Structure formats: structure tokens, C-alpha cells
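Please look through the structure below before reading on. The questions that follow go through it part by part.

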Amino acid sequence: VALPEIGLTARPYPRGVLLRWSIRHLPRIQGLSLEHARGDGEWSHLWAGDQQEEWLHPDPGPGVHRYRLIARSASGPVASAEARVQVARPATRIRSAVPNPFNPSTEIHFEVPESGPVTLRVYDLAGRLVRTIVNEPLAAGRHIKSWHGEDGRARAAASGVYLIVLETSSGRDVRRVALVQ
């Protein structure tokens, strides 16, 4: 008689933690449940089902996360497995600028890891400030702002390559964009 085997892995994934599992030699499984605990905290229910072999835990936040998969039969739990993963704090980053090259405007998609002061500025390749798009506190998370190819006085900027610079208290990111007339 083969012993029941259940395996669970957890790994950071864009926008969450990807959980994958495998089950062998458990003929009378009636369902699975997935639980989560932050650090050494209490377990809480995340998901229940039967056939799925992976699940994405969306944006659990930075820190240590523990996951437990429990296989159940009609009489109760039959087997379980646990996995642990460290989720890094999100970085200050410009995710994209679309379209790029652009005319007349581009949308700048960016992410800030914590609430606080944010600046999003456009510079030419000589390092001169062309326009400040954002200079205010923003909530942690993803944001979208547009640049309409204008300088700080609402005059059309010349065709060329520009640097979009995102700065927060926890970091800085730079992205090149091309304005074509």
C-alpha cells in the first residue's frame, strides 16, 4: 500500500504568490482547502476546491507568508503540506510608458511601495527639467499618469528622447520615452 503524498510549493510571482501542489496515492479525496498565515500568525481560509493544481494569492503584502494545503475525505483531513515564502517589498518602479514612441501623449504606469511624497518628472537628455507631472503624496500601489508632450508652460516639446524619472522616499526609477512629431 502506497503512503499518501502531498506536496506544496509557494513562490513570489508578479502581483502575488503562486502556489502549486501535487497529490499522489490519495484515492478518496473529496476536497482540498488552502490556508494562509502571515509570519507566525493565525491560519485563515483562502480557497477550497477539488481539481485545481495551482492558485495565485493576489498581493499578500511584503513579509513571510505560510501556506497549508489540506486534503480531506468524508471522515476529515487525510494529509497536508506546508510551504513558506518571503515576499519582498515592492520597488519604486515605472512599469511602462505606452505608447512609446508616442504622439501626442503617453500613459506612464508606475508603482510606489508606500504612501508618501512622489515626484514624476520629465527631463531632456541634457538633464534639463521639461515638466513635473506629479509632485504630491500618493497612496501605495499602482498609478497611471499621462504626459501630453508639453513642457511646464504647456508648450509642445520638440521631437526626441526624454527621461521619465519617478522618485519616492524608498527609491528611484528612470524610463526613456521618445516623442515623435
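**Questions on a predicted model**

Q: Is Trp 47 buried or exposed?
A: This model is predicted. Trp 47 has a relative accessible area of 11%. The cut-off for a buried residue is under 20%, so Trp 47 counts as buried.

Q: Which residue forms an aromatic pair with Trp 47, and how is the pair classed?
A: A search of the whole structure finds three aromatic pairs. In one of them, Trp 47 and Trp 21 lie 5.4 Å apart, centre to centre.

Q: How many residues apart in sequence are the parts that the pair of Trp 21 and Trp 47 ties together?
A: Trp 21 belongs to strand β2, whereas Trp 47 belongs to strand β4 (residues 44-49). The pair therefore ties together parts of the chain whose separation in sequence is 26 residues.

Q: Which strand gives the most to the lining of the second largest pocket?
A: Trp 21 is buried, with a relative accessible area of 6%. Trp 21 is also one of the residues that line the second largest pocket, along with Ser 22 and Ile 23. That pocket has a volume of about 160 Å³. With three residues, the strand that gives the most to its lining is β2 (residues 16-24).

Q: How many residues of the lining of the largest pocket are charged?
A: The largest pocket holds about 480 Å³ of space and is lined by 20 residues. Arg 15, Asp 59 and Glu 111 are among those nearest its centre. By class, the lining has 10 nonpolar residues and three polar ones, and the number of charged residues is seven.

Q: What is the phi of Asp 59?
A: Asp 59 lies in the loop between β5 (54-58) and β6 (63-73). Asp 59 is exposed, with a relative accessible area of 58%. Most residues other than glycine have a negative phi. Asp 59 is not a glycine, yet its phi is positive, at about 35°.

Q: Which aromatic ring does the charged end of Arg 66 sit over?
A: The charged end of Arg 66 is 4.6 Å from the centre of a ring. A charge counts as sitting over a ring only within 6 Å of the centre and within 35 degrees of the ring normal. The ring is that of Trp 43.

Q: What radius of gyration does the protein chain have?
A: The chain has zero helices and 14 strands. Its C-alpha atoms fill a box of roughly 75 × 30 × 20 Å along the principal axes. A compact globule of 181 residues would have a radius of gyration near 16 Å, whereas the value for this chain is 24 Å.

Notes. Residues numbered from 1 in each chain as written. Predicted model: local features only at pLDDT ≥ 70, side-chain atom pairs only at ≥ 80, totals over all residues. Heavy atoms only, no water. 1 Å grid on protein atoms, 1.4 Å probe; cavity = no way out; pocket = protein on both sides within 12 Å on 5 of 7 lines; lining within 4 Å. Points joined across faces, edges and corners; volume = space filled by probe spheres on them. Nonpolar A, V, L, I, M, F, W, Y, C, P; charged D, E, K, R; others polar. Helix = DSSP H or I, 4+ residues; strand = E, 2+ residues; numbered from the N terminus. Phe/Tyr/Trp six-rings, centres within 6.5 Å; stacked < 30°, edge-to-face > 60°. Buried < 20%, exposed > 50% of the residue type's maximum accessible area, 1.4 Å probe, protein only. Rg over C-alpha atoms; globule rule 2.2 N^0.38 Å.
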